[in-house]
Amino acid sequence: MAHYTLVMGNKNYSSWSMRPWLVLRHFGIAFSEQLIPLFEPGYDAAIRAVSPSGKVPLLVDGDLQVWDSLAICEYLAERHPGLWPRDPAARAIARSVSAEMHSSFLALRMNFQCNIRRRTPRAPTPEVQADINRIVALWTDCRARFGDDGPYLFGAFSIADAMYAPVCFRFQTWGVQLSGAAGVYMATMLATPALQDLARDAIAEPYRIGKYESD
Ligand SMILES: N[C@@H](CCC(=O)N[C@@H](CS)C(=O)NCC(=O)O)C(=O)O
């Protein structure tokens with residue numbers, strides 16, 4: 001049986017690490033975690049010693065190293081059933097929204113950093129609001145078209161939800177209030193056991209990254 005190790009950054013701050021961690025945890029796939037606290041002395045050398053890209057997350061499966069959050073999720077989906085929606089059209093859109101998350105929303109990511117512990121309501125800039133608007137439209141559309149069989153974007157929890165989990169934490173941190181289907185979806189996500197487990201671990205972490213705490 002596969003035994004995976006997920007090399008990851010802080011649960012509180014590392015939004016990219018969070019995604020495969022949630023997939024592994026939600027689907028009950030056995031794994032160990034190796035946490036490298038970001039911006040602690042020597043962290044970059046510690047990451048480069050194990051990760052070809054010099055970044056986390058990294059999945060180690062025996063001799064194989066798989067890096068980049070979405071590639072890790074795809075690797076897991078090839079080995080474990082049910083990580084993507086079964087219907088081909090739903091699966092195609094799930095991949096589209098996951099790829100969009102992976103390549104877009106720079107204003108949101110730069111201005112509303114991932115800091116699960118923090119609660120600082122803040123007015124979005126126009127650029128951040130545009131990202132929020134697109135995410136709300138995307139969540140609303142997925143729920144309306146594909147959400148009949150469960151409360152997540154494609155009904156049952158899938159990789160697409162894991163890709164958007166950091167957005168739910170960012171909205172919670174920075175006080176983004178949503179109504180309608182998008183608001184219900186966000187509340188469902190934050191109440192999901194895997195996200196609650198992650199948040200609990202994040203809150204207990206002793207590390208603090210000054211630049212994410214002070215602005
Ligand atoms: N596209 C990559 C992004 C990975 C990434 O930027 N990871 C950050 C932590 S969240 C990192 O390793 N930062 C350390 C550094 O750049 O020194 C992915 O999806 O995994």
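Leaving aside its neighbours within four places in sequence, Leu76 is in contact with Tyr4, Val23, Leu24, Leu59 and Leu83 in this predicted model. The residue has its place in helix α3, and its relative accessibility is 0%, so Leu76 counts as buried, the cut-off for that class being under 20%.

With a relative accessibility of 2%, Ser69 counts as buried. Its contacts, again leaving aside neighbours within four places in sequence, are with Trp16, Arg19, Pro20, Pro57 and His102.

Several of these partners belong to helix α1, and the packing of the two helices was therefore examined as a unit. Helix α1 comprises residues 15-26 and helix α3 residues 69-79; their axes come within 8 Å and cross at roughly 15 degrees. Because angles under 35 degrees count as roughly parallel, α1 and α3 are roughly parallel to each other. The crossing in which α1 passes α3 is right-handed. On the α1 side the contact is made by Trp16, Arg19, Pro20, Val23 and Leu24, whereas α3 contributes Ser69, Ile72, Cys73 and Leu76. By class, the residues that form this contact between α1 and α3 comprise 7 nonpolar, 1 polar and 1 charged.

At the level of the whole chain, the secondary structure amounts to 9 helices and 4 strands. Read from the N terminus on, the elements follow the order β-α-β-α-β-β-α-α-α-α-α-α-α. The radius of gyration of the chain is 17 Å, close to the 17 Å given by the globule rule for 215 residues, so the chain is as compact as a globular protein of that length. The C-alpha trace spans about 45 × 45 × 25 Å along its principal axes. Of the 215 residues in the chain, 49% are buried, and Leu76 and Ser69 each count as buried as well. Among the contacts in the chain with a separation of 6 or more, 70% are accounted for by residues 24 or more positions apart.

Definitions and conventions:
Residues numbered from 1 in each chain as written. Predicted model: local features only at pLDDT ≥ 70, side-chain atom pairs only at ≥ 80, totals over all residues. Heavy atoms only, no water. Axes fitted to C-alpha atoms, helices over the stretch in contact; angles between N-to-C directions. Parallel < 35°, antiparallel > 145°, perpendicular 65-115°, else oblique. Left-handed = near helix turned anticlockwise from the far one by under 90°. Contact = heavy atoms within 4.5 Å. Nonpolar A, V, L, I, M, F, W, Y, C, P; charged D, E, K, R; others polar. Rg over C-alpha atoms; globule rule 2.2 N^0.38 Å. Buried < 20%, exposed > 50% of the residue type's maximum accessible area, 1.4 Å probe, protein only.
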